[in-house]
Amino acid sequence: MTEPALAPTPNMHHDADHATSIWPGLAVCLGAAAVAYGIQTVIPGLSALLVAILLGVTVSHAVRLPQVLQPGIKVAAKRVLRIGIVLLGLQLALDDILDLGWAMLGVVVVIVAGGLLGTVLIGRLLHLPAPQALLIACGFSICGAAAVAGVEGTIEREDEDVATAIALVVVFGTLMIGIAPLALSLTSLSSHDQGLIAGGSIHEVAQVVAAGGLIGGGALSAAVVVKLARVLMLAPVVTVLGLLERRRTAGTQHASDTARPPLVPLFVAGFLAAALLRTFAPMPALALATGQQLQVLLLSAAMFALGLGVHVSMLRKAGIRSFALGGLSTVLVASIATGGVLLAT
């Protein structure tokens, strides 16, 4: 006797609906990214990523988004972000970074390592939650909001920790666009050396571009190459944090291989593969330009999604100690960068 075919259940319909429910929220995030990219095109010194974050923060305070958008927003904040980080690797020509010289490359490593360890230590002294201090450290030491978002998937943290770290990157990184060129103009350093310091000190790639443009001369190209060298450090940092998290969870009672973070996250491997492709494979200028535009669009969509999670109530809850850590971390990273450049050049 054959068994009757199973009738569709409500859960089956729900699963089918869920599979397509990412598109409304994803469309909103991509639309916001297009707006941010358009603003950057009109005002070249303004970062599309920064505009997207600010748009997200503004929307989060202005309207209450319908629940149907939430699945797509979550996809933008996670998967779209990681695809954007992979494409970011196409902007990294390793030979350009090697041209900095071993002394300057050592300075970059010290900036990232010193910024990470110092910020985490200061956060401990300020009695801040360890995950929040670590996310702030990564954002300020490596590459801003993209580093925060890249690292948060490898550690146990609260959503408020991520939102606070991203908000602080926006606040202090934006301040550094004006402060760094002004402070460096008071020195007798060449524009090239000023660019090296700016690239070693400022949080976001786009913020570095803006500051390098304000400094002028040969500062912009020097600043960008140093900043991209810092971006490259995202891969080993995420890998090390993943190893530490695996070691930590391995000793817990309910730990399992499926619950532990991967040894090397797929997006980190993709990021490194893209950088190697950019370095060793002949790539047409059109392909590189298209990849760069797509990377900005995807990262802007992710930044908008992350900005939607930033609310002033969270910042109030974070309190003055989080802002103090942001200020102290900025000073720490800038001090290491300045001292390192002076010694290396």
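Biologist: In which hand does α4 pass α8?

Modeller: This is a predicted model, and in it α4 passes α8 in a left-handed crossing.

Biologist: How is such a pair of helices described?

Modeller: Two packed helices are described by the angle between their axes and by the distance between those axes. Here helix α4 covers residues 70–88 and helix α8 covers residues 145–152. Their axes come within 10 Å and cross at roughly 120 degrees. That angle makes α4 oblique to α8.

Biologist: Which residues make the contact between α4 and α8?

Modeller: From α4 come K78, L81 and I85, and from α8 come A146, A149, G150 and E152. Sorted by class, the contact of α4 with α8 has four nonpolar residues, one polar residue and two charged residues.

Biologist: At what angle do α7 and α17 pack?

Modeller: Helix α7 (residues 130–143) and helix α17 (residues 320–344) pack at about 35 degrees, and their axes are 10 Å apart. The crossing of α7 past α17 is right-handed.

Biologist: Which residues of α7 and α17 meet?

Modeller: On the α7 side they are Q132, A133, I136, F140 and S141. On the α17 side they are S322, L325, G326, S329, T330 and V333. By class, the contact of α7 with α17 has five nonpolar, six polar and no charged residues.

Biologist: What is a disulfide, in general?

Modeller: A disulfide is a covalent bond between the sulfur atoms of two cysteines.

Biologist: How many disulfides are counted here?

Modeller: The count is zero disulfides. C138 is in no disulfide, and the nearest cysteine sulfur to it, that of C143, is 9.2 Å away. C143 is likewise in no disulfide, with the sulfur of C138 as its nearest, at 9.2 Å.

Biologist: Are C138 and C143 buried or exposed?

Modeller: Burial is read from relative accessible area, and under 20% counts as buried. C138 has 0%, so C138 is buried. C143 has 3%, so C143 is buried too.

Biologist: Where does V59 lie?

Modeller: V59 lies in helix α3, residues 48–62. With a relative accessible area of 23%, V59 is partly exposed.

Biologist: How far apart are V59 and G307 in sequence and in space?

Modeller: V59 and G307 are 248 residues apart in sequence, while their C-alpha atoms are 8.6 Å apart in space. Leaving aside residues up to four places away in sequence, V59 touches L65, F304 and L308.

Biologist: Where does G319 lie, and how far is G319 from T164?

Modeller: G319 lies in the loop between α16 (312–318) and α17. G319 is partly exposed, at a relative accessible area of 21%. Between G319 and T164 there are 155 residues of separation in sequence and 9.8 Å in space, C-alpha to C-alpha.

Biologist: How many residues of α10 are buried?

Modeller: Helix α10 spans residues 191–201, and nine of its eleven residues are buried, so α10 is largely enclosed by the rest of the structure. Among the buried residues of α10 are D193, L196, I197 and S201.

Biologist: How many helices and strands are in the protein chain?

Modeller: The protein chain has 17 helices and zero strands. Of its 345 residues, 47% count as buried. Among contacts between residues at least 6 apart in sequence, 82% join residues at least 24 apart.

Conventions:
Residues numbered from 1 in each chain as written. Predicted model: local features only at pLDDT ≥ 70, side-chain atom pairs only at ≥ 80, totals over all residues. Heavy atoms only, no water. Axes fitted to C-alpha atoms, helices over the stretch in contact; angles between N-to-C directions. Helix = DSSP H or I, 4+ residues; strand = E, 2+ residues; numbered from the N terminus. Parallel < 35°, antiparallel > 145°, perpendicular 65-115°, else oblique. Left-handed = near helix turned anticlockwise from the far one by under 90°. Contact = heavy atoms within 4.5 Å. Nonpolar A, V, L, I, M, F, W, Y, C, P; charged D, E, K, R; others polar. Disulfide = S-S within 2.5 Å. Buried < 20%, exposed > 50% of the residue type's maximum accessible area, 1.4 Å probe, protein only.
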